[in-house]
Amino acid sequence: MRRILTILGILIVLVLTVAIALPFLIPESVYRDRAQIAASDTLGREVVLAGDVSLSILPRLEIRAHDVTIGNAEGFGDEAFAEAGEMRLAVQLWPLINRRVEIDEFALIDPVIRLTEQGGRNNWTFEPYGDQTDAPAASGTGFRQGPGALPFDGTISDVRIENGLIIYTSGGETRTIEGLDLGLRMPGVDEPVEIEGALTAEGESISFDITFGSLRAFFEGAQTELDLTLGGRLVTLSLDGAVLEGEAIAYAGAMNTTIPSLRDLADFLGSPMPDGDTFNRFEAVGDISGSLERVALQNASLSLDDLDATGNFILTLGGARPAVSGDLNIAEIDVNPYLPAGGESTGGGTIQPWPETPVDLSPLGFVDADFTLTTGRILFGDIVIESGDSPVQLDLDIVNSRLAAAITNFVLYEGRGRIDFVANGRGTPSFSLNANLDRLDALPFLEAAAGFDRLSGTGALNLDILTTGNTTAALMNGLGGNGRFQFADGAIRGVNLAQVLRNIRTAITSGSMPEGFGEQEETDFSSLNGTFTLANGVATNNDLLMLSPLVRVAGSGTVDIGGQTLDYSLRPRAVASLQGQGGDTDLRGIEIPIRIRGSFAAPSVSIDFEAISRALLQGAVTGAISGEDPEDAIRGAIGDALGLGGRDDGETTGDGEGEDEPSTEEQIIRGLFGLGGNRDRQEEEQPEDGGR
């Protein structure tokens with residue numbers, strides 16, 4: 001026995017001696033070359049150990065190598081895929097005999113990894129030598145969880161990356177991650193795995209902490225607990241859940257995330273937003289589930305700026321753009337902060353020209369969306385769209401920079417109907433609006449929509465409008481389309497047309513505006529309707545018709561929305577009947593053209609005396625053709641029009657004898673046309689000899 005123990009002791013001493021001496025007896029070049037060959041065959045890339053290489057066997061197998069490089073995939077250039085200033089690997093020797101890996105240390109010091117995507121291929125998919133195919137490298141590894149997927153059994157005491165640099169290039173753009181520090185600890189493959197680290201990306205510091213329930217459970221497809229926290233100035237995220245059972249990676253849990261500024265995050269991701277005060281703080285809390293390419297958030301509470309929402313949505317990744325769909329309920333949607341800037345009043349009755357501020361719809365290209373939104377009310381400018389028997393419904397679709405919204409089930413100033421709106425950011429920005437409203441209360445609607453408080457009544461409004469332009473001014477000048485309105489039982493504020501007609505005699509005589517205009521005046525109507533067309537920012541109406549118990553009013557003219565001017569004529573006609581709506585619109589009476597023109601800020605209102613003159617002269621010409629004296633024809637026409645009575649059969653022939661003072665009728669004629677006075681002066685100036 002003593003002899004046996006002696007022999008065993010000698011053998012142990014010999015083994016230890018050989019193990020200690022072997023690294024010194026074998027030239028460095030031998031295990032350097034063999035290590036390079038083995039690593040190259042495994043990765044399918046050329047691996048070079050350019051610096052010092054050291055090997056020790058006891059008390060653990062330890063390898064240290066400096067200036068390590070891994071070659072790039074074919075077609076991705078000559079620059080190395082990865083390189084490290086130093087690599088250290090320490091493995092317990094005796095457990096290897098039982099095919100158990102116990103890693104005491106694996107460290108990469110100052111590594112640089114270059115990740116590249118081009119032509120549908122990437123450079124991080126490895127193919128061992130001898131197993132290459134002509135198929136391009138896929139963007140993923142095709143990993144599937146299942147029994148036996150874990151390639152080893154053992155422990156990891158210390159795996160870390162110190163001061164790493166990752167360079168990612170795709171589509172001609174390059175992004176970098178600097179200062180990557182990562183640490184991994186795993187007491188055993190059936191024990192929790194802890195990963196923590198920090199990095200700096202594009203100047204932003206981000207920290208992370210991940211805990212896996214079990215590495216074996218994850219690889220073999222069993223449900224595995226997962227806790228994740230992510231922190232930084234741009235975003236904070238916490239996830240308390242699990243990786244679900246199955247071959248593909250899927251997860252579920254409770255999620256809470258905060259993004260202090262979506263604008264800052266967009267800048268960081270290389271898609272800056274236009275200047276503005278919106279798209280800032282975003283928060284989301286809910287039950288999360290999904291995969292690497294699809295995320296679902298159920299029972300969610302969301303907030304964006306001052307908007308708060310609850311509901312469910314799904315985020316799909318992997319396409320040309322992220323795609324979001326779902327249904328949300330929002331207490332109130334205020335669209336105003338997200339609208340392009342418009343013209344603003346500067347006070348004193350002046351209105352600023354439409355601004356040349358660029359209209360930028362690029363945010364529509366960040367994501368595709370398919371949402372059904374319900375809300376209590378929508379604020380658009382000064383317009384308030386409220387819910388009726390049930391919440392307002394807004395169907396929202398964004399596809400490749402084009403937004404289409406349909407609003408239904410709403411009450412708009414007592415009116416109901418449907419509104420469709422499109423904002424198209426593909427190329428030059430364009431907008432369209434189609435609205436069909438019934439039972440609309442005109443006064444509050446027009447006051448909110450256009451600051452116009454001169455019309456009241458209830459009726460229908462139909463709009464089909466579109467425009468294109470790079471600025472607000474261009475959009476206003478590019479308006480096109482058409483519309484129709486029909487209101488009943490209302491009033492026009494600011495004018496009493498019946499009183500205007502009653503005082504028209506004095507107005508014609510003096511050439512001034514008649515009484516009947518003023519803030520306290522109004523004209524009741526039983527019906528007001530018409531149509532209009534829009535072209536190049538100018539609205540044209542030629543068929544306005546208002547029916548009232550005392551007057552009938554026709555109207556026509558233009559409103560230059562782009563130029564902020566108008567030129568419109570109202571033609572009220574007094575009627576003898578009080579039939580109102582449905583009455584004869586061609587009754588005999590006075591028709592006086594009232595012209596409204598000028599700027600939006602300070603329009604002028606005047607009687608169109610030129611139109612009256614043309615009408616009277618036309619009557620005179622008609623009378624002359626029938627053999628009537630022109631002056632008598634004019635006198636008769638205006639007398640009839642003003643209700644002054646017909647011609648006196650006993651009036652003189654103009655020889656000067658027995659003439660009375662000129663009548664009011666004649667004064668008006670002379671004042672307007674100077675016909676009588678001119679003729680008298682001509683007769684007085686005629687010499688007795690016939691002008692010679």
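**Exercise 1.** Which residue in the turn of the β16 and β17 hairpin has a positive phi?

*Solution.* Start with the ground rules: this is a predicted model, where local features need pLDDT of at least 70, side-chain atom pairs count only at pLDDT 80 or more, and totals for chains, interfaces and linings use all residues. Residues are numbered from 1 along each chain as its sequence is written, and side-chain values use heavy atoms, with hydrogens and water left out.

Next, find the strands (DSSP runs of E, at least two residues, numbered from the N terminus). β16 covers residues 307-316 and β17 covers residues 323-334. They pair (DSSP finds at least two bridges between them), here antiparallel over eight bridges, with A309 opposite I330 in β17. Six residues sit between the two strands, and G318 in that turn is the one with a positive phi, about 100°.

**Exercise 2.** Work out how β15 and β16 pair, and what happens in their turn.

*Solution.* Take the pairing: β15 (residues 294-304) runs antiparallel to β16 over nine bridges. Now the turn: two residues lie between the strands, and D305 adopts a positive phi near 55°.

**Exercise 3.** Is R552 buried or exposed?

*Solution.* First place R552: strand β31, residues 551-560. Then apply the cut-offs: buried is under 20% relative accessible area, exposed over 50%, partly exposed in between (1.4 Å probe, protein chains only). R552 has 3% relative accessibility, so it counts as buried. Finally, look at its side chain, which reaches the backbone oxygen of S548 at 2.3 Å.

Key: Helices (H or I, at least four residues) and strands (E, at least two) are DSSP runs, numbered from the N terminus. A polar contact is a pair of N or O atoms within 3.5 Å; within protein, one must be able to donate a hydrogen and the other to accept it, and residues adjacent in sequence count only if both atoms are side-chain atoms.
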